Amino acid sequence: MPINIGKFNTFMFFKLPSAWWCGVRLRYMDKEKAIVSVKYKWFNQNPFNSMFWAVQGMAAELTTGAMMMDQIKETGKRISMLVANNKANFSKKATGKITFTCEDGHLIKEALDKTIATGEGQTIWMKSIGVNEDGVVVSTFDFEWTVRLKS
(Lines give C-alpha, C1' and ligand atoms only; values in the text may rest on other atoms or scores of the structure.)
Protein backbone atom coordinates (compact mmCIF):
# COMPACT_ATOMS: atom_id res chain seq x y z
CA MET A 1 0.00 0.00 0.00
CA PRO A 2 1.52 3.38 -0.97
CA ILE A 3 2.06 5.83 1.86
CA ASN A 4 -0.50 8.59 2.26
CA ILE A 5 1.52 11.82 2.14
CA GLY A 6 -1.17 13.86 3.94
CA LYS A 7 -1.37 11.37 6.82
CA PHE A 8 2.41 11.32 7.09
CA ASN A 9 2.56 15.12 7.34
CA THR A 10 -0.14 14.97 10.06
CA PHE A 11 1.98 12.35 11.84
CA MET A 12 4.84 14.87 11.74
CA PHE A 13 2.70 17.48 13.51
CA PHE A 14 2.36 15.13 16.51
CA LYS A 15 5.68 13.24 16.47
CA LEU A 16 8.09 15.75 14.87
CA PRO A 17 6.58 19.12 15.78
CA SER A 18 9.83 21.07 15.35
CA ALA A 19 10.10 19.93 11.75
CA TRP A 20 6.41 20.60 11.10
CA TRP A 21 6.51 24.14 12.52
CA CYS A 22 9.65 24.91 10.48
CA GLY A 23 7.73 23.99 7.31
CA VAL A 24 9.27 20.59 6.52
CA ARG A 25 6.82 18.60 4.36
CA LEU A 26 7.00 15.22 2.67
CA ARG A 27 6.00 15.74 -0.99
CA TYR A 28 6.61 12.34 -2.62
CA MET A 29 7.74 8.87 -1.63
CA ASP A 30 8.00 5.42 -3.15
CA LYS A 31 10.36 2.50 -2.45
CA GLU A 32 13.31 4.14 -4.22
CA LYS A 33 12.92 7.87 -3.70
CA ALA A 34 11.60 10.47 -1.28
CA ILE A 35 11.20 14.21 -1.76
CA VAL A 36 10.83 16.73 1.07
CA SER A 37 10.56 20.50 0.78
CA VAL A 38 10.99 23.39 3.17
CA LYS A 39 10.68 27.11 2.52
CA TYR A 40 12.96 29.74 3.99
CA LYS A 41 10.95 31.84 6.46
CA TRP A 42 11.54 34.13 9.40
CA PHE A 43 11.29 31.36 12.02
CA ASN A 44 13.75 28.96 10.32
CA GLN A 45 16.40 31.54 9.49
CA ASN A 46 19.91 32.01 10.80
CA PRO A 47 21.58 35.39 11.47
CA PHE A 48 22.91 35.42 7.87
CA ASN A 49 19.46 35.61 6.24
CA SER A 50 19.41 32.05 5.03
CA MET A 51 17.91 28.80 6.30
CA PHE A 52 19.38 27.44 9.54
CA TRP A 53 21.50 24.34 8.90
CA ALA A 54 19.49 22.24 11.37
CA VAL A 55 16.24 22.89 9.46
CA GLN A 56 17.97 21.66 6.31
CA GLY A 57 19.13 18.64 8.30
CA MET A 58 15.59 17.83 9.44
CA ALA A 59 14.31 17.94 5.86
CA ALA A 60 17.23 15.89 4.56
CA GLU A 61 16.91 13.27 7.30
CA LEU A 62 13.19 12.94 6.62
CA THR A 63 13.89 11.90 3.01
CA THR A 64 15.87 8.93 4.31
CA GLY A 65 13.91 8.18 7.48
CA ALA A 66 10.46 8.18 5.91
CA MET A 67 11.49 5.46 3.44
CA MET A 68 13.13 3.53 6.28
CA MET A 69 9.96 3.71 8.42
CA ASP A 70 7.76 2.65 5.51
CA GLN A 71 9.89 -0.35 4.59
CA ILE A 72 10.27 -1.46 8.22
CA LYS A 73 6.48 -1.37 8.57
CA GLU A 74 6.14 -3.59 5.51
CA THR A 75 8.30 -6.32 7.07
CA GLY A 76 5.83 -6.82 9.90
CA LYS A 77 8.81 -7.23 12.25
CA ARG A 78 9.82 -5.14 15.25
CA ILE A 79 12.93 -3.39 13.96
CA SER A 80 14.64 -0.39 15.49
CA MET A 81 16.22 2.35 13.39
CA LEU A 82 18.71 4.98 14.46
CA VAL A 83 20.98 7.53 12.82
CA ALA A 84 24.50 6.64 13.96
CA ASN A 85 26.41 9.30 11.99
CA ASN A 86 25.86 12.07 9.55
CA LYS A 87 27.94 14.33 7.34
CA ALA A 88 26.86 17.55 5.70
CA ASN A 89 28.22 19.93 3.09
CA PHE A 90 26.82 23.41 2.51
CA SER A 91 27.64 24.87 -0.89
CA LYS A 92 25.27 27.83 -1.29
CA LYS A 93 23.06 30.05 0.85
CA ALA A 94 19.68 28.35 1.35
CA THR A 95 16.89 30.82 0.58
CA GLY A 96 13.51 30.32 -1.04
CA LYS A 97 12.08 26.83 -1.37
CA ILE A 98 14.63 24.06 -0.84
CA THR A 99 13.81 20.56 -2.05
CA PHE A 100 15.66 17.53 -0.70
CA THR A 101 15.72 14.27 -2.63
CA CYS A 102 17.03 10.86 -1.60
CA GLU A 103 17.17 8.08 -4.19
CA ASP A 104 18.77 5.40 -1.99
CA GLY A 105 15.62 3.51 -1.01
CA HIS A 106 16.94 0.40 -2.75
CA LEU A 107 19.58 0.04 0.00
CA ILE A 108 16.99 -0.36 2.75
CA LYS A 109 15.46 -3.70 1.75
CA GLU A 110 18.83 -5.46 1.64
CA ALA A 111 19.74 -4.20 5.12
CA LEU A 112 16.35 -5.18 6.53
CA ASP A 113 16.51 -8.64 4.92
CA LYS A 114 20.00 -9.20 6.39
CA THR A 115 19.05 -8.10 9.90
CA ILE A 116 15.93 -10.31 9.81
CA ALA A 117 17.89 -13.32 8.50
CA THR A 118 20.91 -13.00 10.79
CA GLY A 119 19.54 -11.16 13.82
CA GLU A 120 22.56 -8.86 13.56
CA GLY A 121 22.37 -5.11 13.17
CA GLN A 122 23.10 -3.59 9.78
CA THR A 123 24.20 -0.13 8.68
CA ILE A 124 23.67 1.78 5.45
CA TRP A 125 24.65 5.24 4.26
CA MET A 126 21.98 7.26 2.48
CA LYS A 127 22.44 10.61 0.70
CA SER A 128 19.99 13.51 0.46
CA ILE A 129 20.66 16.43 -1.85
CA GLY A 130 19.01 19.83 -1.33
CA VAL A 131 18.48 22.16 -4.26
CA ASN A 132 16.98 25.64 -4.50
CA GLU A 133 14.28 26.76 -6.92
CA ASP A 134 16.91 27.26 -9.66
CA GLY A 135 18.10 23.66 -9.28
CA VAL A 136 21.38 24.72 -7.66
CA VAL A 137 22.66 22.38 -4.93
CA VAL A 138 22.69 24.20 -1.57
CA SER A 139 23.52 21.28 0.73
CA THR A 140 24.22 17.57 0.72
CA PHE A 141 23.64 15.31 3.72
CA ASP A 142 24.79 11.73 4.28
CA PHE A 143 23.15 9.69 7.03
CA GLU A 144 24.40 6.39 8.42
CA TRP A 145 21.32 4.43 9.51
CA THR A 146 21.49 1.38 11.74
CA VAL A 147 18.73 -1.22 11.86
CA ARG A 148 18.35 -4.23 14.12
CA LEU A 149 15.65 -6.59 15.33
CA LYS A 150 14.14 -5.62 18.66
CA SER A 151 14.32 -8.35 21.31
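Student: In this predicted model, at what angle do helix 1 (residues 5-15) and helix 3 pack, and how are they oriented to each other?
Tutor: The axes of helix 1 and helix 3 lie 13 Å apart, and the packing angle is about 110°. Angles of 65 to 115 degrees count as roughly perpendicular. Helix 1 is therefore, relative to helix 3, roughly perpendicular.

Student: Which residues meet in that contact, and how do they divide by class?
Tutor: From helix 1 come F8, F11 and M12, and they meet L62, A66 and M69 of helix 3. By class, the contact of helix 1 with helix 3 has no charged, no polar and six nonpolar residues.

Student: Is F8 buried or exposed?
Tutor: F8 is located in helix 1. Apart from neighbours within four places in sequence, F8 is in contact with I3, L26, L62, A66 and M69. The cut-off for burial is under 20% relative accessible area. F8 has 7% relative accessibility, so F8 counts as buried.

Student: How do helix 3 and helix 4 pack, and what word describes their orientation?
Tutor: Two packed helices are described by the angle between their axes and the distance between the axes. For helix 3 and helix 4, the angle is about 45° and the axes are 10 Å apart. Helix 3 passes helix 4 in a right-handed crossing. The orientation of helix 3 and helix 4 is therefore oblique.

Student: Which residues make the contact of helix 3 with helix 4, and what are their classes?
Tutor: Helix 3 contributes M67, M68, Q71, I72 and T75, while helix 4 contributes I108, K109, L112 and I116. The classes in the contact of helix 3 with helix 4 are one charged, two polar and six nonpolar.

Student: Which residues of helix 4 are buried, and why do they line one face?
Tutor: I108, A111, L112 and T115 are the buried residues of helix 4 (residues 106-118). Viewed down the axis of helix 4, these buried residues fall within an arc of 100°, so they line one face of the helix. An α-helix has 3.6 residues a turn, so residues three or four places apart point the same way. The elements covering the buried residues of helix 4 include helix 3 (53-75), strand 3 (79-90), strand 5 (122-131) and strand 6 (137-149).

Student: What is the phi of N49, and where is N49 placed?
Tutor: Most residues other than glycine have a negative phi. N49 is not a glycine, yet its phi is positive, about 60°. N49 sits in the loop between strand 2 (34-39) and helix 3.

Definitions and conventions. Residues are numbered from 1 along each chain as its sequence is written. This is a predicted model: local features need pLDDT of at least 70, side-chain atom pairs count only at pLDDT 80 or more; totals for chains, interfaces and linings use all residues. Side-chain values use heavy atoms; hydrogens and water are left out. Buried means under 20% relative accessible area, exposed over 50%, partly exposed in between (1.4 Å probe, protein chains only). Helices (H or I, at least four residues) and strands (E, at least two) are DSSP runs, numbered from the N terminus. The arc is that of the directions from the helix axis to the C-beta atoms. Contact means heavy atoms within 4.5 Å. Axes are lines fitted to C-alpha atoms, for helices over the stretch in contact, and angles run from 0 to 180 degrees between N-to-C directions. Angles under 35 degrees count as roughly parallel, over 145 as roughly antiparallel, 65 to 115 as roughly perpendicular and the rest as oblique. A crossing is left-handed if the near helix is turned anticlockwise from the far one by less than a right angle, and right-handed if clockwise. Ala, Val, Leu, Ile, Met, Phe, Trp, Tyr, Cys and Pro count as nonpolar, Asp, Glu, Lys and Arg as charged, and the others, Gly among them, as polar.
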